[in-house]
Amino acid sequence: MKVSYYPGCSLHATGKEYDQSMKAVSHALGIELKEVDDWSCCGASAAHNTNFDLSIALSARNLVAAEKNAMDVMVPCAACYNRFKTAEHNLKADKELKAKIEGVIGAKYQGSIAIRNPIDIIYNEIGIDALAVKVVKPLAGLKPVSYYGCLLLRPPEVCEFENYENPFMMDKILGSIGADVKNWSYKTDCCGGSMSISKTAIVIDMCDKLMGAAKEAGANCLVTACPMCMANLDMRPSSAMKMPVFYFSELMSLALGLDGSKETFKTHIFDPQPLLRQLQLI
Amino acid sequence: MENFLEEVNKKINGVPIQRCYHCRKCTAGCPVASHMEYNPNKVVKMIQNGQRDKILNSSTIWLCLSCETCITRCPNQIDIARMMDVLRQMAIESGVGAREANILKFHEAFLASIKRGGRINEMMMTVDYKLKSGDLFSDVLMAPGMFLKGKLALLPPRTKDLKSVKNIFEKTKSI
C-alpha cells in the first residue's frame, strides 16, 4: 500500500529513532511512504492552549498539503495525530469554522483523506499474522508493557482508536514479534509529557507511578507510540525507577532483522542496550 | 451583556456545562487533580457562580494537561478539557496572564519557534524558554549529551513557504 507520511517536528529531532525505525518497518512491510510536501508544525499543545483558531489552522495547512497526494496520511507522532484528528473533527462538524479557517490558510479543505496512526495501519492493513511470518529474531525474554498514553485515544469520538479504555492493538503487535507482553492497568494513564519542561516536579511523580506499575506487572521495559511519552519517560523518572523505553517500531525493526535496527538504541537517554545484550537480542 | 457562564458555553461550542451533576468522574480520573486548588468539577460550579476572577487567576487552568480523560468519561459529554482551553484563552485575552507563568512562557517559546521556521527547532526553543522563564540551569547537563546523540540539531530543515505559516499567526491574531 501507499500512504502519505507526516513526520512532524519531533521525529526529526528528539524522536528520530521513531522516524528511522518507522521508515525501515514500513519498507519491510511493503508500505510505501511519500512525505507530505513542505509540511509545518501541527501546533501541538502550545496552539490549542492559547488560541483555538490557530490550533485548527496550523493543522489544516498540513491536511490540505497531504490531500494533494490523494492518499491516506500516516502520522506516527501521537500528538500530531491528535491535533490532525481534532482539526478534521471540527472542520467537518462546523461549516462556519471551516469557511473561516479556509480564509486563514488560503486554501480549501476537502476532508478527502483518512488520518491514520501506524499501529492501526499495521494491525488492520498488514495484520499480525503476516507480520509474524516476517520475524527472523523473536524477542524472547523481552517483557514489555504497552503504553498508549492519551493522545492516540482521547477524546474517543475524535481519535476513533479501537477499545480506548483498554486498547490492545500494540499488545498484539508486540506479541506477534515474540515478546512476552505483560498486562497492566496503566495503558492509558497520562505521563505528564506536556509539562515535562515547565512543571518537572509533578511530572517526575507521574513517571515514577507508571514505572512502578510496569515493574509490578513484571515488565522489563515499556513500549510507546508517542515521542512526547518517549522523551518524558526516558528522561524524567527518578533513577531508581528508570527502565528501558522503546518505540514499538524499534522493536519491530529488531525482530524483522532490518538494517540499522541496532543503531536507534544507541541514542536513548536511558541506555536499553545492556538489557538487549543480556537477552542476546543484539 | 452575557454572563461568565454564557460566555464560556459559547466558546466551548458544545454541551452546556450546567448539565454537570457533579458525579466527579472528571476529578477522579484527572492525573493532576491533587495538585490543583480547584478540582475540575468545582471549576464547573465556580463558572456557574460567576467567579470569573478567581478562576482566571487560578493555577488549576494551567495545570490541566489536556489528557482528555475527563471528556472521555463524563456521562453528560461535557468537554472539560475544551473548557480548560477556553479559560486559559480568556485569561490571556483579558490580560490576566497565567498564574503558572512558566507554562505559558513555554507555550510562547514554542509558538515563536513555529513562527520563525514553520517547524520546531527544539534547541532554539529550549534556549528561548530558558531566557523567558529565568529557569536557566535545570537540565543543562542533559543538553550536550542530546546534542552529541544528534537529538538536538542546530539547524533542522525549515518550512520553505514560511509566509503561509506567518499568515496563519497574523490572521488568527495569535500571541
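**Conventions.** I number residues from 1 along each chain as its sequence is written, and chains are lettered from A and ligands numbered from 1 in the order in which they are written. Because the model is predicted, local features need pLDDT of at least 70 and side-chain atom pairs count only at pLDDT 80 or more, while totals for chains, interfaces and linings use all residues.

**Entry 1, chains A and B.** I looked up the contacts between the chains, taking two residues as in contact if their C-beta atoms, placed from the backbone, lie within 7 Å. On this basis 44 residues of chain B are in contact with 41 residues of chain A. I then listed the elements of chain B that give two or more residues to its side: α6 (69-73), α7 (80-93), α8 (101-117), α9 (122-133) and α11 (162-171). Helices (H or I, at least four residues) and strands (E, at least two) are DSSP runs, numbered from the N terminus. α8(B) gives the most, with seven residues. I sorted this side of chain B by class and noted 20 nonpolar, 14 polar and ten charged residues. Ala, Val, Leu, Ile, Met, Phe, Trp, Tyr, Cys and Pro count as nonpolar, Asp, Glu, Lys and Arg as charged, and the others, Gly among them, as polar.

I found 21 residues of domain 1 in contact with 24 residues of domain 2. On the domain 1 side, α1 and α4 (78-93) of chain A each give two or more residues, and α1(A) has the largest share, eight residues.

**Entry 3, sheet in chain A.** I traced an open sheet of three strands in the order β5-β6-β7, with parallel pairing. Two strands pair if DSSP finds at least two bridges between them; three bridges join β6(A) to β7(A). Val223(A) stands opposite Phe246(A) in β7(A). The edge strands are β5 (144-147) and β7 of chain A.

I checked burial, where a residue is buried if 20 or more other C-beta atoms lie within 10 Å of its own, exposed if 12 or fewer, and partly exposed in between. Eight of the eight residues of α12(A) (248-255) are buried, so this helix is largely enclosed by the rest of the structure. The cover includes α1 (16-28), α6 (118-126), α9 (169-176), β6 (221-224) and β7 (245-247) of chain A. Gly257(A), which follows α12(A), has a positive phi near 65°.
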